[in-house]
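Open the structure in your viewer and keep the selection panel at hand. Each stop below says what to select and what is there.

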Amino acid sequence: MVSDVINASDLKKIDPVFGQISFDDHEQIVFCNDKDTGLKAIIGIHNTVLGPALGGTRMWQYNNEWEALNDVLRLSRGMTFKAAITGLNLGGGKAVIIGDAKTQKTPELMRKFGEFVHSLSGKYITAEDVGMETADMDLVREVTPYVTGISESKGGAGNPSPITAYGVFMGMKAAAKYKFGSDILEDKKVIVQGIGHVGESLVEHLTNEGAKVIISDINQERLEEVSKKYGATIYTGNDIYSEAVDIYAPCALGATINDDTINRIQAKIIAGAANNQLAEEAKHGAILQEKGIVYAPDFLINAGGIINVYAELEGYDKKEIMRKTQNIYNTTLEILSNADTNGITTNQAALNIAKSRIEARKNENSK
């Protein structure tokens, strides 16, 4: 057997974890493999200063393992700041399962994944994300207590998607208040990109308020279904970013605001449910600021889901879930104002608040 010789100067270019651009002092990365079920998963634990790392499991057909690793690193980091800025005593974690959720997900695979979660003894608590359903979390619950978002019939808080959408709606209204002087979205033109569970719930809120909703998705069948249900217009153009709309709501995968799209964006506000919308936070946040586009930080306004599943751990009711989620409106206004006052991006303003809470707890713990 012959192995290629790697020059020392090239080693840092291929460092699989610590050399990743998305690695941000993560505490633990767990690679999970099971031959019998076909499970290939990665669990990322970013920070547990405030409490156990909580974050959903995403099942996606990544092009390669590097994409999966990069995704779990970015997503778990985002969960840390999401919990911190929302005032929850949780850390940030996330998991990705590599595969097609429609064809490769089985009960056996989900239970095996649950065993890997259980092996971490509560340091990571999972929940549902893209490619997952409440029923999948019920299967995980059969082998570990370290899971949230299970069925209400089993004592859980149920599907977090509607609460996530409500939080995004509250953040969007706050951004409109800041930008337009009114949080009424009637007659505002809004493009919702991605109409999964969260996207559809957001479309419902917007429709009820009288907004002019345009929907975009890779699934034509879903587009037609949601369009018929809510009267939304299906986007048929070839450059969604160049459309002259009031609000752009990315609700699919992340990094849609990148070098290729950012200078084409015509929306006055960006407020959506997708995680990690800015491909490069500092760079793209600054460009949006220069263009006068109000960006509602994603890890703030999409926190309704984590608020919902946190209820299972803390035992508070639906009324308290809604109260905490509605407060996203006030926090968003506070952050937008803070960014303007201090001459920083809205994303940086939100990060500063989240990081200061983590640092304060870290100092308390060290005494």
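## A helix pair

Helices α10 and α11 make a right-handed crossing. The model is a predicted one. Select residues 304-314 for α10 and residues 318-326 for α11. Their axes come within 9 Å and cross at roughly 155°. Angles over 145 degrees count as roughly antiparallel, so α10 is roughly antiparallel to α11.

Now show the side chains where the two helices meet. From α10, pick G304, I307, N308 and A311. From α11, pick K318, I321, K324 and T325, which the α10 residues meet. What is the make-up of this contact between α10 and α11 in nonpolar, polar and charged residues? The contact has three nonpolar, three polar and two charged residues.

## The sheet

Move to the strands. Strands of a sheet pair through backbone hydrogen bonds, either parallel or antiparallel. Here five strands form an open sheet, and the pairing is mixed. Step across the sheet in the order β1-β2-β4-β3-β5. At the edges, select 28-34 for β1 and 124-128 for β5. Each of these edge strands pairs on one side only. Turn the view along the sheet: the twist averages 25° from one strand to the next.

Next, select β3, residues 53-60, together with β5. These two strands run parallel, and five bridges join them.

Finish with the backbone angles. Most residues other than glycine have a negative phi. Two loop residues here have a positive one.

- Select D25, in the loop between α1 (8-14) and β1. Phi of D25 is near 55°, a positive value in a residue other than glycine. Is D25 buried or exposed? D25 has a relative accessible area of 65%, so D25 is exposed.
- Select S121, in the loop between α3 and β5. S121 is not a glycine, yet has a positive phi of about 55°. S121 counts as exposed because its relative accessibility is 57%, and the cut-off for exposed is over 50%.

Conventions: Residues numbered from 1 in each chain as written. Predicted model: local features only at pLDDT ≥ 70, side-chain atom pairs only at ≥ 80, totals over all residues. Heavy atoms only, no water. Pairing = 2+ DSSP bridges. Helix = DSSP H or I, 4+ residues; strand = E, 2+ residues; numbered from the N terminus. Axes fitted to C-alpha atoms, helices over the stretch in contact; angles between N-to-C directions. Buried < 20%, exposed > 50% of the residue type's maximum accessible area, 1.4 Å probe, protein only. Parallel < 35°, antiparallel > 145°, perpendicular 65-115°, else oblique. Left-handed = near helix turned anticlockwise from the far one by under 90°. Contact = heavy atoms within 4.5 Å. Nonpolar A, V, L, I, M, F, W, Y, C, P; charged D, E, K, R; others polar.
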